[in-house]
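Here is a short briefing to read alongside the model. Please keep the sequence and the 3D view open as you go.

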Amino acid sequence: MATSVYFNNYNTQVEQRLVEDLIVESIKIQGFDAYYVPIFNPEDRDILYGEDPVKKFSSAFPIEFYLSSALEYSGEREFFSKFGLEIKNNVTVIVSKRSFSQRVPQNIFTRPREGDLIYVPFLNGTGELFEIKFTNQTKDFFTLGRKIPFFYELELEKFKYSQEIMETGIADIDDAATQSGYTIDLIVSSGNANNYIQKEIVYQAPDNTEANATAVAIVQNWTPSSNTLSVTNIAGEFTDGTVIIGASSNARFTLSSYNPLLDSTRNETYDNKYIEDQANNIIDFAEINPFGKI
């Protein structure tokens with residue numbers, strides 16, 4: 001027996017449009033404004049081993065979301081593992097397909113992708129970056145027979161910054177590199193009258209050309225009064241007595257000294273110096289007693 005041609009609302013665009021309008025309006029009324037931050041260079045992913053290069057986030061699109069996890073964080077939360085304290089706060093948000101299609105270029109991003117970021121400005125008081133772990137495209141289960149989803153449910157986990165390049169133009173998002181990235185202070189001496197520019201590339205090269213650079217980094221802060229240049233995303237090894245050149249500012253100062261084991265990160269601390277100090281109490285690197293106090 002066939003369904004009634006008079007009351008069957010499946011595969012009718014009018015009813016589907018009404019449901020979509022209600023979903024979009026509900027998110028706009030009860031939701032919040034956030035940013036969708038896609039990976040700029042996904043094509044660089046290593047397909048063979050499944051490894052990522054240094055990810056780059058260079059754009060952010062404002063979209064309204066609905067917070068499904070309204071009571072508290074979910075997931076494993078805070079726990080001690082063999083790697084120390086880990087924080088895996090998870091949240092679930094909903095974004096309508098229509099809003100995503102209108103705000104995000106569809107020739108590049110047809111849906112929210114796993115690995116992209118969502119910046120929620122009000123969580124934790126100062127805003128939080130979350131990574132998309134899974135995009136559920138069937139949460140509405142094809143309501144009224146519509147094949148295209150009305151909305152996406154995104155399962156998010158607190159983003160752990162690991163030297164990714166953040167150049168979205170949104171200060172709160174880009175500040176993640178300054179707040180959490182491994183940062184070393186380069187103490188410089190004599191130089192020209194130019195100042196290093198935040199987020200620019202600095203390098204050392206035997207012929208003073210960026211193409212032949214032996215050490216490269218990104219500027220996070222420049223303090224002329226103390227001749228201190230704070231950098232992240234370091235590639236190579238900086239050499240004392242060699243000029244550090246700003247790719248955009250053309251600032252040129254000679255590196256006096258720095259300690260690669262010390263970092264000036266504000267929010268997260270690294271254990272490099274602590275591990276070295278503790279290891280020196282156990283292992284003697286002299287040839288006479290290689291096992292130290294053991």
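In this predicted model, Val14, Ile29 and Gln30 are exposed on the other side of helix 1, away from the residues that are buried there: Gln16, Glu20, Ile23, Val24 and Ile27. Looking down the axis of helix 1, you will find the buried residues within an arc of 95°, so they line one face of the helix.

**Helix 1**
- Helix 1 covers residues 13-30 and has 18 residues.
- From first C-alpha to last, helix 1 reaches 26 Å, which is close to the 26 Å expected at 1.5 Å a residue.
- The buried set in helix 1 includes Gln16 and Glu20 as well as Ile23, Val24 and Ile27.
- Val14 and Ile29 are exposed, as is Gln30.

**The segment before helix 1**
- Phe7 sits in the segment that comes before helix 1.
- With a relative accessible area of 68%, Phe7 counts as exposed because the cut-off for that term is over 50%.
- Together with Val5 and Tyr6, Phe7 makes a nonpolar surface patch of about 480 Å².

**The whole chain**
- The protein chain's secondary structure amounts to four helices and 15 strands.
- The chain has 294 residues, and 37% of them count as buried.
- Taking contacts between residues at least 6 apart in sequence, 61% join residues at least 24 apart.

Technical notes. Residues are numbered from 1 along each chain as its sequence is written. This is a predicted model: local features need pLDDT of at least 70, side-chain atom pairs count only at pLDDT 80 or more; totals for chains, interfaces and linings use all residues. Side-chain values use heavy atoms; hydrogens and water are left out. Patches are made of residues with over 30% relative accessible area and no salt bridge: like charges are joined within 9 Å, nonpolar side chains (Val, Leu, Ile, Met, Phe, Trp, Tyr) within 5 Å. Accessible areas come from the Shrake-Rupley method with a 1.4 Å probe; for residues, only the protein chains shown count as cover. A salt bridge is a side-chain nitrogen of Lys or Arg within 4 Å of a carboxyl oxygen of Asp or Glu. Helices (H or I, at least four residues) and strands (E, at least two) are DSSP runs, numbered from the N terminus. Buried means under 20% relative accessible area, exposed over 50%, partly exposed in between (1.4 Å probe, protein chains only). The expected span of a helix is 1.5 Å times one less than its number of residues. The arc is that of the directions from the helix axis to the C-beta atoms. Contact means heavy atoms within 4.5 Å.
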